[in-house]
Amino acid sequence: MDSEGRLTGAEALVRWLHPRRGLVAPARFIPLAEETGLILPLGRWVLETACSQLALWAQRPQTARLTLAVNVSAREFRHPRFVAEVGAVLEMSGADPHRLKLELTESLLLEDIGDTIAKMTALKALGVGFSLDDFGTGYSSLSYLKRLPLDQLKIDQSFVRDVLTDPNDAAIARTIVALAQSLGLAVIAEGVETEGQRAFLFESGCRAFQGYLFGRPGPVEGLWQCC
Ligand code: MN
């Protein structure tokens, strides 16, 4: 949501509805998928589904400007064909690359900085945007931050949660906003659950928010209930 309470986009989250176990949490199956390599077909399916959704949204003026963020795991990003695959999915779906945002984590970026910069630059040339997920929780390297073609920093929910009660978390959140602003990056806060948290972040200069205050994860049809 933007600071006026308008919906600007969504993040694609995957859930597994198992016939016997019921709803399996991503924390249970994503690490396993990464371990077994199944994250590659799973990631491809998520990307295809997200791009089809963007192509559908593009057909209606009310939804044409929405962005969709897709989380990318290290194993997917490191795959030699990652850039080609994203390009192929964009082409096949007809989605506007400028509406697609890939969320990368700090540890992923730093693993092989040369490869990271090459891949991000190639995707950026297609129009794809990048958000740095869980910012501040990993080994944030400020020198890499300026070398990477990022568009947005995402303030991790662990800082947002106690932003009103823990002065350290409040200072960290404010610092991330200031850092983003001075580097010319956008910033979004995740895990916003209360109006108080939203107001504090707004006062700190943050203009984009996501979290339970606006809506819970659910099927795409439910997106319209939050606004
Ligand atoms: Mn994310």
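1. Cavities and pockets. On a 1 Å grid over the protein atoms alone, a cavity is a set of points where a 1.4 Å probe fits but cannot get out, whereas a pocket is an open set with protein on both sides within 12 Å along at least five of seven lines; lining residues have an atom within 4 Å of a point. Grid points are joined across faces, edges and corners, and a volume is the space filled by probe spheres set on the points. By this rule there is one cavity of 30 Å³ or more.

2. Basis of the note. This is a predicted model, in which local features need pLDDT of at least 70 and side-chain atom pairs count only at pLDDT 80 or more, while totals for chains, interfaces and linings use all residues. Residues are numbered from 1 along each chain as its sequence is written, and side-chain values use heavy atoms, with hydrogens and water left out.

3. The largest cavity. This cavity holds about 80 Å³ of space. Its lining includes Glu106, Leu109, Leu132, Phe135, Ser140 and Tyr144. Two or more lining residues come from each of α5 (106-111), β6 and α7; helices (H or I, at least four residues) and strands (E, at least two) are DSSP runs, numbered from the N terminus. The most is given by α5, with three residues.

4. Ser140. One of the residues lining the largest cavity is Ser140, placed in the loop between β6 (129-135) and α7 (142-147). Ser140 is partly exposed at a relative accessible area of 31%; buried means under 20%, exposed over 50%, and partly exposed in between (1.4 Å probe, protein chains only). Not counting residues up to four places away in sequence, Ser140 touches Glu106 and Phe135, where contact means heavy atoms within 4.5 Å. From Ser3, Ser140 is 137 residues away in sequence and 27 Å away in space, C-alpha to C-alpha.

5. The second largest pocket. Its volume is about 230 Å³. Among the residues that line this pocket are Val14, Trp16, Phe29, Leu32, Leu38 and Pro41. Helices α1 (26-36) and α2 (39-58) each supply at least two lining residues, and α1 gives the most, with four.

6. Glu11 is buried at 18% relative accessibility, whereas Asn71 is partly exposed at 29%.

7. Salt bridges around Lys154. The structure holds 11 salt bridges, each a side-chain nitrogen of Lys or Arg within 4 Å of a carboxyl oxygen of Asp or Glu. Lys154 forms one with Glu103, the closest N and O atoms being 2.5 Å apart. Lys154 lies in strand β7 (residues 152-155) and Glu103 in strand β5, so the pair ties together parts that are 51 residues apart in sequence. Lys154 and Glu103 are both buried. Glu190 also forms a salt bridge with Lys154, at 4.0 Å between the closest N and O atoms. Glu190 is buried at 8% relative accessibility, and Lys154 is buried at 1%. Salt bridges that share partners join Glu11, Glu103, Lys154 and Glu190 into one network.

8. Lys101, without a salt bridge. Lys101 lies in strand β5 (residues 100-105). Lys101 is buried yet has no salt bridge, and Glu103, the nearest side chain of opposite charge, is 5.6 Å away. For charge, Lys and Arg count as positive and Asp and Glu as negative; His and the chain ends are not counted. Beyond four places in sequence, Lys101 touches Leu68, Ala69, Val70, Gly129, Ser131 and Gln152.

9. Lys119 and Asp115 meet in a salt bridge of 3.3 Å, N to O. Both lie in helix α6 (residues 113-126), four residues apart, about one turn of the helix. Is each one buried or partly exposed? Lys119 is buried at 7% relative accessibility, and Asp115 is partly exposed at 24%.
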